[in-house]
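Please open the model in a viewer and keep the selection panel at hand. The stops below are arranged so that each selection leads to the next.

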Number of protein chains: 2
Amino acid sequence: MSPQPSASYSLTLRCEITNRPGMLGRLTSAIGEVGGDIGAIDIVRVNRNLIVRDVVINARDDVHGREIVEHVRRLEGFRILHVSDRTFLMHMGGKIEIRSKVPVRNREELSMAYTPGVARICRAIAADRSRAYQLTIKRNTVAVVTDGSAVLGLGNIGAEAAMPVMEGKALLFKEFGGVDAFPICLATQDTDEIVRTVQVIAPGFGGINLEDIAAPRCFEVEDRLKATLDIPVFHDDQHGTAVVVLAALINALKIVRKPASQVKVVISGMGAAGIAVARILVGAGIGHVVGCDRRGAIHRGRDLEGNSAKQWIAENTNQDGFSGTLGEALEGADVFIGVSAPNLISATDVRRMARDPIVFALANPDPEILPDDVEGIVRVMATGRSDYPNQINNVLCFPGIFRGAFECQASQINERMKLAAAHAIAECITPDELTEEYIIPSVFNRRVAQRVAEAVVRAAQETGVARRHVSRASHWPLPADAHTD
Amino acid sequence: MSPQPSASYSLTLRCEITNRPGMLGRLTSAIGEVGGDIGAIDIVRVNRNLIVRDVVINARDDVHGREIVEHVRRLEGFRILHVSDRTFLMHMGGKIEIRSKVPVRNREELSMAYTPGVARICRAIAADRSRAYQLTIKRNTVAVVTDGSAVLGLGNIGAEAAMPVMEGKALLFKEFGGVDAFPICLATQDTDEIVRTVQVIAPGFGGINLEDIAAPRCFEVEDRLKATLDIPVFHDDQHGTAVVVLAALINALKIVRKPASQVKVVISGMGAAGIAVARILVGAGIGHVVGCDRRGAIHRGRDLEGNSAKQWIAENTNQDGFSGTLGEALEGADVFIGVSAPNLISATDVRRMARDPIVFALANPDPEILPDDVEGIVRVMATGRSDYPNQINNVLCFPGIFRGAFECQASQINERMKLAAAHAIAECITPDELTEEYIIPSVFNRRVAQRVAEAVVRAAQETGVARRHVSRASHWPLPADAHTD
């Protein structure tokens with residue numbers, strides 16, 4: 001199941017071509033023959049005999065990229081001068097930087113920003129620690145913390161190799177939510193050390209976003225940090241996913257006209273995301289939730305090997321005590337949510353579901369079942385991929401949820417705030433716009449983060465965790481370029 | 001000994017004034033009467049009866065600022081609408097931010113910067129960890145780490161209150177050295193925990209700048225981190241100060257035409273800075289160094305209460321075993337270096353020194369002796385203050401030394417690199433320019449950081465700690481605005 005050529009495997013080929021008619025056609029045909037997808041073509045320089053061109057080519061993967069280059073290399077009349085990998089170029093030197101917000105052009109400014117003027121600011125905070133929220137970056141800064149143990153689909157690749165993802169996350173926090181985020185990649189995978197390290201570095205941060213920490217360790221890390229820190233702690237793989245899944249489900253249920261309290265939802269995968277999805281669905285009043293791991297449905301009677309997260313699932317879902325396989329669980333189910341592994345269910349499984357099946361197959365990059373395999377069978381389908389409709393993407397949640405938490409100086413991100421975020425995302429699509437292929441807004445819909453933030457502020461105020469009064473958000477402090485849609 | 005009014009205690013007074021001739025003169029006279037120093041005066045709005053003005057006033061300190069405001073409040077025909085503190089305004093919301101270096105304007109860019117494209121970058125680093133230096137921010141990013149135990153002259157004010165200083169440091173790192181720096185303020189003052197926390201968060205950083213950690217804890221923290229991390233660890237309060245003091249001393253000795261190997265230097269203060277100054281002077285070949293703390297000279301015969309840093313001083317300085325007071329030590333000394341406390345020596349002490357006394361009185365903000373008190377007695381005088389000639393300021397060192405270390409991917413900042421930095425700073429002043437009042441370049445001399453960086457790269461290469469070859473620095477990657485002088 002090869003993916004389509006995409007910009008994430010994109011090369012720029014600098015090629016010297018004999019200057020005679022028809023040569024560019026030969027080049028593009030050759031690239032097309034081996035499945036390369038041609039983007040921009042530029043002329044670098046020309047003389048009477050030779051022309052040098054840059055050709056951007058999207059490939060399927062590394063191997064495919066090399067195949068294309070080799071194929072061009074064998075063509076007569078063409079000489080490859082240089083091959084550059086656009087994705088690697090984009091990451092060179094890292095993707096974020098620290099910038100100053102105040103000028104230090106002269107002695108006067110230096111004496112205000114640094115010594116001796118800064119001493120007055122320090123004394124003000126020493127006298128009242130909460131003033132750090134006005135006078136330092138704490139107000140708007142989140143640490144993106146990982147131990148590198150469960151990075152994307154790559155598994156336990158360690159702290160250094162996790163950095164590009166954490167930097168990417170920081171970039172998205174700023175781009176979509178105006179939140180300053182800094183990556184902290186830990187050289188330990190010991191639960192106690194992770195917890196202690198985050199506690200020790202917490203004073204300068206206004207929030208902690210845990211990221212790509214393996215289950216079940218992530219549950220304990222999060223619980224202990226929440227219990228000891230007075231700033232929001234949010235494990236995005238769990239709660240970001242859960243919020244966006246709930247948002248999509250709210251809209252999907254509108255289409256099939258089924259009330260939340262009466263539907264049966266089967267979740268495949270009881271890792272960080274699956275557990276959190278189950279929890280939020282229970283909190284949102286979904287009538288019947290069944291969670292499945294590799295050994296089948298989770299129920300009260302099963303030995304769960306001391307996994308307290310699964311224990312919670314056993315106690316709070318599957319009231320009927322169903323104990324079969326995933327396939328059996330799908331019998332008559334209204335909704336399937338996969339956060340597990342590729343190709344786990346078949347069209348036959350989906351046919352056994354209730355009328356108008358809703359299938360969220362979110363394993364990445366290869367989903368539990370491909371949309372193409374259930375065309376005409378499912379009513380609403382979503383994946384984690386951008387090349388199908390209805391992409392379930394955490395970017396819809398985390399920038400706005402922290403933007404809101406920071407606006408009102410929330411001490412935590414609680415369940416009500418997450419539910420509010422899910423409803424806000426769902427409501428970004430009006431009843432007029434809602435269709436089977438449009439149940440969740442685009443990640444590039446700039447209004448989403450602001451709507452989420454506003455809803456989160458209200459929920460924080462209603463639940464008493466807001467420590468700062470926010471009137472209403474007409475002068476929302478998003479960066480200028482994030483105001484437009 | 002009140003300081004002069006300065007921008008670090010600067011107010012903006014918004015004042016409604018009865019609109020008739022002579023009123024502005026009355027206002028400015030009144031402010032002058034109580035010692036306020038008037039800067040810009042702006043008109044906010046005018047009508048027939050009233051005029052609203054903003055007046056910028058520099059005061060000596062908080063109390064003085066309030067005095068001025070009260071004095072104006074009592075004037076007839078004036079109504080104060082608003083008082084704003086310019087320094088506090090400058091620090092509102094913090095002084096630094098995280099910015100993206102790559103665009104994510106559309107799906108194609110998102111797929112290269114984040115999933116799925118980022119997975120290829122992660123895999124490349126997982127296969128070869130050293131590629132983090134090319135593909136992440138590690139290459140150019142330093143953590144500015146403090147436990148808040150010895151912040152400026154303010155003492156043990158804790159992590160939150162230390163943030164404004166660490167943000168200021170980060171700002172200066174970028175402004176003067178093009179180095180990305182991020183503040184990490186620790187909620188612990190336990191040596192083991194500090195060491196472990198820094199080790200655990202180290203993978204994403206290319207260097208560690210320790211800051212404002214109390215002695216003697218700072219020595220152990222630094223030693224243990226140096227021994228266990230493969231990135232530069234630099235305690236700026238020690239080594240930054242030592243480098244700049246040595247730079248100033250090199251130039252001062254040129255003026256008095258005394259060879260380094262023959263001079264006697266007395267250091268007052270055996271905290272972090274004093275110990276480091278003593279060490280670098282010994283390393284630089286200064287003939288005779290005597291270090292003094294509150295109990296007088298450090299010598300082999302003294303009980304040093306297990307302070308291993310002072311033990312090193314006892315073993316490596318004061319070869320004569322002198323055991324008197326600071327005043328006695330100054331008898332016949334060529335150089336006094338104070339990194340201790342205000343008003344510790346008198347003009348009489350300086351008169352007892354050898355011909356052409358050199359006095360670096362660096363206690364801040366009030367030096368060991370004021371330049372005014374030894375006019376005509378000292379030959380060369382330096383302080384830590386910007387309102388006298390020859391300001392000894394660490395900003396001359398840390399941006400350039402990390403710039404250089406990062407350029408050549410140095411595994412450490414060793415003694416040779418520090419000596420090279422000191423000589424580079426000293427050489428920023430040409431023989432023609434050198435005078436008693438100009439022994440050290442201005443902090444706004446933008447060439448200093450580049451010269452320091454170049455010298456540091458050479459020293460790193462010569463001592464085998466450079467892990468990346470750097471040819472020469474004509475295309476130095478300083479930010480565009482840092483190129484100009």
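**A tour of the interface**

Select B:Asp62 and A:Arg120: these residues form a salt bridge, with the closest N and O atoms 3.1 Å apart. The term denotes a side-chain nitrogen of Lys or Arg within 4 Å of a carboxyl oxygen of Asp or Glu. Across the interface of chain B and chain A, 12 salt bridges are found.

This is a predicted model, in which local features need pLDDT of at least 70 and side-chain atom pairs count only at pLDDT 80 or more, while totals for chains, interfaces and linings use all residues. Residues are numbered from 1 along each chain as its sequence is written, chains are lettered from A and ligands numbered from 1 in the order in which they are written, and side-chain values use heavy atoms, without hydrogens and water.

Next, select the residues in contact (heavy atoms within 4.5 Å): chain B contributes 96 residues and chain A 96 residues. Chain B and chain A bury about 9400 Å² between them, 67% of it on carbon and sulfur atoms; this is the accessible area (1.4 Å probe) lost on being put together, summed over both. Within chain B, highlight B:Ile98, B:Arg120 and B:Glu160, which lose the most area to chain A, together 9% of what that side buries.

Finally, superpose the chains by least squares on the C-alpha atoms of residues with pLDDT of at least 70 in both. Chain B is laid on chain A with an RMSD of 0.2 Å by a turn of 180° and a shift of 0.1 Å along the axis. The two copies are thus related as by a two-fold rotation axis. In chain B, the C-alpha nearest that axis belongs to B:Ile98, at 2.4 Å.

Conventions. Buried area = accessible area lost by both parts, 1.4 Å probe.
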